[in-house]
Amino acid sequence: MEYIKDLLLPLKNSFFSNRSSKIIPAMRNIPTFTLPHTGDKIPAVAFGSGSKHRLRKWSDPKLSKDTVDETIVRIIMDALKAGFNHLDTAESYLTRIEIGEALKRSGVDRSKLWITDKYNQGWILDDGQVLRSGSPSGPYESLKKGLKMMGLKYVDLFLIHGPYFNPQTCDITLEEAWKQMERIQKEGLARNIGVSNFNASRLRKLYEIADVKPQVDQVEYHLYEQEPDLIEFCKDHDIFVEAYTPLTPMFASKVGENRPLNPIIDKLCHKYHVEPNQLLLRWVYQSGVLPITTSSKLSRMTETFKIFDFELEKTDFDLLQKVGKSFHYRHYFRNIFENDH
Ligand SMILES: NC(=O)c1ccc[n+]([C@@H]2O[C@H](COP(=O)([O-])OP(=O)(O)OC[C@H]3O[C@@H](n4cnc5c(N)ncnc54)[C@H](OP(=O)(O)O)[C@@H]3O)[C@@H](O)[C@H]2O)c1
């Protein structure tokens, strides 16, 4: 009997591997930015597993950080298939588990991917609501849990998700959290460390206490939120900027109707034969900032890469920048970026 089982085993394995979800990612030549301190090359566009995917998980009472949402797994596998080699997740999104499933099922070579994760220190929302940390003892505990959920030995970049450190949100100070971040990098659990949602003044304070300087700040950045002070501080201090919500100017549901860039976006899309999302992502990329975008649709994911096939002429780039500055819109964390300097 044992003998027959041994004979059948390869057949059984090949049957299951044929039915597995392994994918062949589209071959793409995706440009990179070089991180200033470690010299690591970071793929110049990222696919986000937060925003709409986070809302999906947060709003369904049947879903939690420990349950796999098949829709999100499918979306992340589509992103890998489309050729994204840079995925963005966070403890607070609850999507680490789907990232792990998608990586396992797709069979994509880990060494060819860039994975960014973030520590959930807890939040104070603009309406005053307090959300407690996912790991009150700090980023070390958070990343250990994250690596297990994602089935990884390390992440390429680990960020403190926001500057909300007080006894209501978590049990540590920012200084203590950053010491843990430094330990995380030293132990090789994250190749690079940084922050998210730090304005220039908070970044300056962190910069002064940090032995290992933050490598990245991931912030809201688009034509209607150009963050000149922050960008200048980051440039002067070798901190690389990543942009979330880069498509914001496209959405009347966010910025309102008849905004000043609308006719210019139309005109330039016509001139460069691109779609508005491509124009907006290209502007972010061409400004030296890394766009993090997302979609649930494979066709849109695939279209994203067109941003590397055209270049905005300087006059068009400057026009977008100038007209963008004439109207201001921020979607996230006004309590830090508009009231705290
Ligand atoms: N650090 C932070 O605090 C923070 C905060 C927010 C976000 N993030 C990260 O940034 C990622 C991206 O954020 P985001 O979703 O706001 O980015 P976004 O790229 O500005 O917007 C993505 C949204 O645009 C829609 N979309 C994409 N292409 C489109 C097109 N051609 N036409 C019309 N709609 C289109 C997508 O919907 P469809 O599915 O319908 O295509 C999706 O809902 C998040 O997933 C997360 O990883 C970080």
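A crossing is called left-handed if the near helix is turned anticlockwise from the far one by less than a right angle, and right-handed if clockwise. The model is predicted: local features need pLDDT of at least 70, side-chain atom pairs count only at pLDDT 80 or more, and totals for chains, interfaces and linings use all residues. Residue numbers start from 1 along each chain as its sequence is written.

Select residues 70-82, helix H3, and residues 96-106, helix H4. Helices (H or I, at least four residues) and strands (E, at least two) are DSSP runs, numbered from the N terminus. H3 and H4 pack at about 55 degrees with axes 9 Å apart; axes are lines fitted to C-alpha atoms, for helices over the stretch in contact, and angles run from 0 to 180 degrees between N-to-C directions. H3 is therefore oblique to H4; angles under 35 degrees count as roughly parallel, over 145 as roughly antiparallel, 65 to 115 as roughly perpendicular and the rest as oblique. The crossing of H3 past H4 is right-handed.

Next, select residues 200-209 (H7) and 228-236 (H8), which pack at about 25 degrees with axes 9 Å apart. H7 and H8 are therefore roughly parallel. Show Ala200, Leu203 and Arg204 of H7 with Asp229, Leu230 and Phe233 of H8, which make the contact (C-beta atoms, placed from the backbone, within 7 Å).

Finally, zoom out to the chain, which has 14 helices and 12 strands. Its C-alpha trace spans about 80 × 50 × 40 Å along the principal axes.

Definitions and conventions. Contact = placed C-beta atoms within 7 Å.
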